[in-house]
Amino acid sequence: VAGFARVEPELVRALEAALGAANVTTDRAVLEPLGRDETEDLHGWPEVACFPATTEEVSAVLRLANEANVPIVPRAAGSGLSGGAVPVHGGIVLSVKRLDRILEIDEENLIATVEPGVITEKLQQAVEEKGLFYPPDPASKSWCNLGGNVAENAGGPRCVKYGVTKDYVLGLEAVLPSGEVVKTGGKLRKDVTGYDLTRLLVGSEGTLAFLTKIILELVPYPQERRTLMAPFASVREAAAAVARVFQARVTPCACELLTKAAIAAAETRIGPGFPPEVSGAEACLLLEVDGSDADALEKDFLRVGEACLAAGAQDVLVAQSPERARELWRIRRTVGEAVKRLCRYRELDVAVPRSRVPDALDAVDSVLGPLGIRHISYGHAGDGNLHVNILKDALPDAEWTEKLPRACAAIIEKVVALGGTISGEHGIGLVQKDLMPLQLGAAELRLMREIKRVFDPRGIMNPGKLLPDGEGRLIARDLTRRIC
Ligand SMILES: Cc1cc2nc3c(=O)[nH]c(=O)nc-3n(C[C@H](O)[C@H](O)[C@H](O)COP(=O)(O)OP(=O)(O)OC[C@H]3O[C@@H](n4cnc5c(N)ncnc54)[C@H](O)[C@@H]3O)c2cc1C
């Protein structure tokens, strides 16, 4: 199988001519952080980084790369947790850094048009000033970019009521590896003209095309919200309460499961903040209801609280003020980062039908317990989405390397048997691609490979990601050879 070409000085000169020398670099100090994202233990090296500011410049870079058979790795903020932005075959890192404008907030149609480098929270703040709401809220929202969110189809706590990124993307502008610019969808809520290319590009993890513009739906900002916490005597009870809450016929805008260990990790990092009844419990649910009618919201809020008590909650505690609610959420948003600092780990991001959350947690215990491996699991339980952090602790390196892949595969097999999926929101990227055949059959994988080939016949777009090895390109199995 043919490999990729190296980036020759001639290509660098052509890129500089297209973008301006200041926006192309081979400086290793700049390239070094572009070699990784937030996934543990991964580091590649790009050969050159490009910082285009227009669609035309993106098109020029892709055309040059395609002609030269050089890989392109699209890069947004690098907060990804599946290695999607890690350049494992060298080549060009194509950054969205200078594509960072909110182009329009159309208040008549409730639609925003943005470039991919806009920080998610920045758009949220800009639309909130106009009484509007862009709900998808990954815990990394203060620094991740909308381009990365669309490429990963990101979720977050509020997605349980409002839907994930794909539910807000109405249209895209994207550049194909050939340099051609395609426009999909538009400022349209109804559009059934042909195949849904917008949906295909959302979640494609930079393997099909480079996104240059994103058209996003907005909704009215819900003025009222109530935040509550329900501690439980066991993780299983808390997990089982999740489905009970929704059976009360209320859709909370967040329903997060936190275990004692997850809370302890966050509080160790930023100091205590949860009520002692919650920090001391084995697990808790952090719930929020929102809306614009205060009376209706009060009823919803009581229904949720009662459902928790009926499901065995030890108590239901209500945030007394918006400031207190923000503090509780700050602790919740710290959990991911805090857990990752405890020791080496591997994070799985499984999702199951909501009612199977307790079974999914049992499945994780049943695999890791006999291996003597600890995990801290938490997450968007209302969506059935759990972040299972498998901890190395003091396990010797050799044992960890030997046991971990087997443990991950065994957990995924059990999750799939529960009707679940490998990834709820973090994507497949580099670290989960070998798990794909545990969920997808030969026909589904073949379709995906053929779709990839149609968009990207030479295979230059983010190679080594999303699709399992074994066909097309020679993909390095032993990543350690690429770690610097
Ligand atoms: C502390 C923490 C908490 C997190 N919480 C959540 C959470 O709650 N929910 C959630 O879903 N995720 C979460 N994440 C994961 C991560 O933030 C998301 O996956 C996010 O969407 C990645 O955005 P990014 O801008 O950092 O993209 P990057 O990491 O830079 O890139 C992600 C992928 O998108 C591709 N890409 C980037 N730009 C483009 C483009 N213009 N065109 C085509 N492809 C492109 C890249 O090649 C890569 O494959 C969390 C991460 C951290 C570190």
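Modeller: Gladly! N462 lies in the segment after helix 15, where helices (H or I, at least four residues) and strands (E, at least two) are DSSP runs, numbered from the N terminus. This is a predicted model, in which local features need pLDDT of at least 70, side-chain atom pairs count only at pLDDT 80 or more, and totals for chains, interfaces and linings use all residues. Residues are numbered from 1 along each chain as its sequence is written, and side-chain values use heavy atoms, with hydrogens and water left out.

N462 has a positive phi of about 45° although it is not a glycine. For background, most residues other than glycine have a negative phi. N462 counts as buried because its relative accessibility is 2%; buried means under 20% relative accessible area, exposed over 50% and partly exposed in between, with a 1.4 Å probe and protein chains only. N69 also has a positive phi, near 60°, and is not a glycine. You will find N69 in the loop between helix 3 (55–68) and strand 3, and it is buried, with a relative accessible area of 14%.

Strand 3 leads us to the part you asked about. The elements that give two or more residues to the shell around the ligand are strand 3 (72–75), helix 5 (146–152) and strand 10 (210–217). Helix 5 gives the most, with four residues. In total 34 residues surround the ligand, and the closest are P74, G78, S79, S140 and G155; a residue is near a molecule if one of its heavy atoms lies within 4 Å of it. By class, this shell has 15 nonpolar, 14 polar and five charged residues. Here Ala, Val, Leu, Ile, Met, Phe, Trp, Tyr, Cys and Pro count as nonpolar, Asp, Glu, Lys and Arg as charged, and the others, Gly among them, as polar.

Now for the polar contacts, meaning pairs of N or O atoms within 3.5 Å; within protein, one must be able to donate a hydrogen and the other to accept it, and residues adjacent in sequence count only if both atoms are side-chain atoms. S140 places a polar side-chain atom 2.5 Å from an oxygen atom of the ligand. For S79, the separation between an N or O atom in the side chain and a ligand oxygen is 2.6 Å. N149 has a side-chain N or O atom 2.9 Å from an oxygen atom of the ligand. Taken alone the ligand exposes 980 Å², and the protein buries 97% of that; the areas come from the Shrake-Rupley method with a 1.4 Å probe, and for residues only the protein chains shown count as cover.

For the wider setting, let me turn to the cores. A nonpolar core is a set of buried Ala, Val, Leu, Ile, Met, Phe, Trp, Tyr and Cys residues joined through side-chain atoms within 4.5 Å. The largest one has 58 residues, and L257, L287, L348, L368, L386, I390 and I411 have the most contacts inside it. Among the elements that give it two or more residues are strand 12 (224–232), helix 8 (235–247), strand 14 (283–291) and helix 14 (397–417). Apart from this core lies another, of 29 residues, including I105, A112, L146 and A174.

A few other residues round out the picture. Q432 sits in the loop between helix 14 and helix 15 (442–455). Q432 counts as buried because its relative accessibility is 2%, and its contacts, leaving aside neighbours within four places in sequence, are R346, L348, I422, S423 and G427. Beyond four places in sequence, S234 touches E282 and A283.

Finally, T198 belongs to helix 7 (residues 197–201) and is buried, with a relative accessible area of 7%. Its side chain makes a polar contact of 2.8 Å with that of T184. Setting aside residues up to four places away in sequence, T198 also touches V169, L170, G171, L172 and G185.

Methods. Contact means heavy atoms within 4.5 Å.
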